[in-house]
Amino acid sequence: MLVAAGNPELRILAEAPKTKVFGVLAPVATLEHLLLMYLYSDQPKHLADLATIVRSGKADLSRIEGTLAEIHPEAIPDWRRKVATARAPVVAPPRPGRRRR
């Protein structure tokens, strides 16, 4: 993980539960932590991962909004937009049929 000088990354590292990975205790991000990190990214893969986690129903979305209210309240509208898009994705139109020559 790239750690910048921002609060979200530091908070994630501080809160991440420790789990044994290959015999070593290491902090592991929760689904909520991943969603928080994906919120700050516009990379297509991260947006797709955010949508997959949101649609899985396994993450506590209200917890993330509460965290944002504490550390970055101006990001809440973007968070809500990304969650709404994840829940009801825009479907691409069907491809046109092949042209006949």
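What share of the chain's contacts with a separation of 6 or more comes from residues 24 or more positions apart? The share is 50%. Keep that figure in mind while walking through the fold. The model is a predicted one.

Start with the overall layout. The chain holds five helices and two strands. Along the sequence they follow the pattern α-β-β-α-α-α-α. The radius of gyration is 17 Å, well over the 13 Å that the globule rule gives for 101 residues, so the chain is more spread out than a compact globule. The C-alpha trace spans about 65 × 35 × 25 Å along its principal axes.

Next comes the surface. Of the 101 residues, 27% are buried. The chain exposes about 7,500 Å². Carbon and sulfur atoms supply 58% of that area. The chain carries 16 positive and 10 negative charges.

Now turn to the two strands. E1 covers residues 18-21, and E2 covers residues 24-27. They pair in the antiparallel sense, over four bridges. Among the partners, Thr19 is bridged to Ala26 in E2. Together, E1 and E2 form a hairpin with two residues between them.

Look at the turn of this hairpin. Phe22 sits in the loop between E1 and E2. Is the side of the story told by accessibility one of a buried or an exposed Phe22? Phe22 has a relative accessible area of 86%. The cut-off for exposed is over 50%, so Phe22 counts as exposed.

Which residues does Val21 contact, leaving aside its neighbours within four places in sequence? They are Ala26 and Val28. Ala26 is also the bridge partner of Thr19.

Finish with Lys18, which is also placed in strand E1. Lys18 has a relative accessibility of 53%. With the exposed class set at over 50%, Lys18 therefore counts as exposed. Not counting residues up to four places away in sequence, Lys18 touches Leu25, Ala26 and Pro27. How far from Lys18 is the C-alpha atom of Ala29? The two C-alpha atoms are separated by 9.0 Å, while the residues are 11 apart along the chain.

Phe22 lies in the loop that links the two strands.

Methods. Residues are numbered from 1 along each chain as its sequence is written. This is a predicted model: local features need pLDDT of at least 70, side-chain atom pairs count only at pLDDT 80 or more; totals for chains, interfaces and linings use all residues. Side-chain values use heavy atoms; hydrogens and water are left out. The radius of gyration is taken over C-alpha atoms; the globule rule is 2.2 Å times the number of residues to the power 0.38. Buried means under 20% relative accessible area, exposed over 50%, partly exposed in between (1.4 Å probe, protein chains only). Contact means heavy atoms within 4.5 Å. Accessible areas come from the Shrake-Rupley method with a 1.4 Å probe; for residues, only the protein chains shown count as cover. Lys and Arg count as positive and Asp and Glu as negative; His and the chain ends are not counted. The place of a charge is taken as NZ of Lys, CZ of Arg, CG of Asp or CD of Glu. Two strands pair if DSSP finds at least two bridges between them.
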